[in-house]
Amino acid sequence: MEEVVADKPKAIPSVKYGGEGIEIFTLDGLNPEIPDRIITPDEELNRVLGGGIVPGSVMLLGGEPGIGKSTILLQLALENKHGKILYVSGEESLNQIKLRANRVGLTNPNCFLISETTIEKIMQAAAQLEPDIMVIDSIQTVSSDEIESTPGSVPQIRDCTSEFIRFAKSSGTAIFLIGHITKEGYIAGPKILEHMVDVVLYFEGDRHYNYRILRGMKNRFGAVAEIGIYEMGDKGLIPVKNPSEILLTVRTEMLSGISIAATLEGIRPMLIEIQALVSPSPYSTPQRTATGFDSKRLSMLLAVLEKRCGFKLNMYDVFLNIAGGLRVEDPAIDLAVITALASSYNDIAMPSDACFAGEVGLSGEIRPVNRIETRIGEAEKLGFKHFYLSTYNEKSISKKFKGIQLHFFETVNKMLFELQ
């Protein structure tokens, strides 16, 4: 054996700058063509995408196993009657897809299926069919014969995604990529994958509940932070047009520890039910449990109740739940959380026709929230008669509400004193 030093590649000759040949534009000199979006039968998907699918765009859909990623895109392929759709399955056989299509009760002669994981064969089928929409289930199963690594590795995911992007931009085919997520909740593979695509969607929800949320995290063709809400049924995913009516429980008697919050998901108003249980703790260290709400923020709100309102909560167990399996990060529900906790502590039921919206500060003040008129309008539409909010929101309200009475307060202590 003889050791040989490999020759280094020759350096690229330096480029001489100057001269002409590069055409430079100004914004006023450009007249871009706005492509016609593909309007799908799924109104919730159209909402999240900003009005429909943009031809030539690449969309990445992530979510936990069994949450419904394949189902929602198979329903899209079977419900969309305009144009050809190519569904590429790398995880299921064609017979499994057929059985799932029979379960949702849909069929489409323009939907074409292949079960393939090699990028070269997928591109060959796409060039032969020339589809308008292509679904890849999933990007972690696709690999190239030219790359010496296993499917799902960083080089395979990066290069296969680049190949799909080149095909989408050159042919005008819209491509959906389904992506697996890690146990931390992020899409598996390199983070650059989310930078490469045009749209990033996350499908969220608790498998113990029927509701699913499709959330837009990135969109080059529309607004981000939009959501679509679905209900999982025997016939697949059903879009929910008015989630507030479903998330609110119809009660026949007054119960303590329950309040209604007006929140926003993206630009969409929703009324959600906050449930709290405050009971004496049999242990020296009381429990603090929150479902669907930030536990650290719950500790902060409990400290405000104890310091500013005189509640002795240091020896009480506190349990908080947002009904419906939702997870809400909107600080505007602080006021409803405070009200539910105080209601359970005093065992006094809140009015069933009252709704709350306000952020609570450390000094006990009620801070204003954005888009307050949208929140009030949603509560009025659902028949609520009283709306509690911050005094500092009064100047931002120009619309006259006739069917609902507005109650303005500066501090939590004053509001709770009036409610009790």
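This is a guided tour of one chain, stop by stop.

The model is predicted: local features require pLDDT of at least 70, side-chain atom pairs count only at pLDDT 80 or more, and totals for chains, interfaces and linings use all residues. Residues are numbered from 1 along each chain as its sequence is written, and side-chain values use heavy atoms, with hydrogens and water left out.

**Whole chain**

Start with the cartoon view. The chain has eleven helices and 18 strands; these are DSSP runs numbered from the N terminus, helices being H or I of at least four residues and strands E of at least two. The C-alpha trace spans about 85 × 60 × 55 Å along its principal axes. Of the 420 residues, 47% are buried (buried is under 20% relative accessible area, exposed over 50%, partly exposed in between, with a 1.4 Å probe and protein chains only). Among contacts with a separation of 6 or more, 67% join residues 24 or more positions apart; contact means heavy atoms within 4.5 Å.

**The largest core**

Select Ile 272, Ile 274, Ile 333, Leu 341, Met 415 and Leu 416. These have the most contacts inside the largest nonpolar core, which has 46 residues (a nonpolar core is a set of buried Ala, Val, Leu, Ile, Met, Phe, Trp, Tyr and Cys residues joined through side-chain atoms within 4.5 Å). Elements giving two or more residues to this core include strand 7 (211–219), strand 11 (268–280), helix 8 (295–308) and helix 11 (412–419). Helix 9 gives the most, with seven residues.

Now centre on Ile 274. Beyond four places in sequence, its contacts include Gly 257, Ile 258, Leu 320, Ile 322, Ile 333 and Val 337. A separate core of 31 residues can be found by selecting Ala 77, Tyr 87, Ile 97 and Val 104, which are among its members.

**Thr 71**

Go to helix 2 (residues 69–79), where Thr 71 is placed. Thr 71 is buried because its relative accessible area is 13%. Leaving aside neighbours within four places in sequence, Thr 71 contacts Arg 100, Gly 236 and Leu 237.

**Aromatic rings**

The structure holds five aromatic pairs (ring centres of Phe, Tyr and Trp, the last by its six-membered ring, within 6.5 Å; planes under 30 degrees apart are stacked, over 60 edge-to-face, the rest tilted). Select Phe 356 and Tyr 388: their ring centres are 5.0 Å apart and their planes lie at 20 degrees, so the pair is stacked. Phe 356 is in strand 14 and Tyr 388 in strand 17 (residues 386–390), so this pair ties together parts 32 residues apart in sequence. Both residues are buried. Next, select Phe 311, Tyr 316 and Tyr 345, which ring pairs link into a cluster.

Move to the loop between strand 4 (133–137) and helix 5 (154–171), which holds Pro 151. Pro 151 touches Gln 140, Thr 141, Ser 143 and Gln 156, apart from residues up to four places away in sequence. Ser 138 is found in the loop between strand 4 and helix 5 too. Display the backbone there: the peptide bond from Asp 137 to Ser 138 is cis, with omega near 5 degrees.

**Positive phi**

Two stops remain. Glu 130, in the loop between helix 4 (119–129) and strand 4, has phi near 55 degrees, a positive value in a residue other than glycine. Glu 130 counts as exposed because its relative accessibility is 59%. Arg 371 lies in the loop between strand 16 (366–367) and helix 10 (372–381); its phi is positive, about 50 degrees, although it is not a glycine. With a relative accessible area of 40%, Arg 371 is partly exposed.
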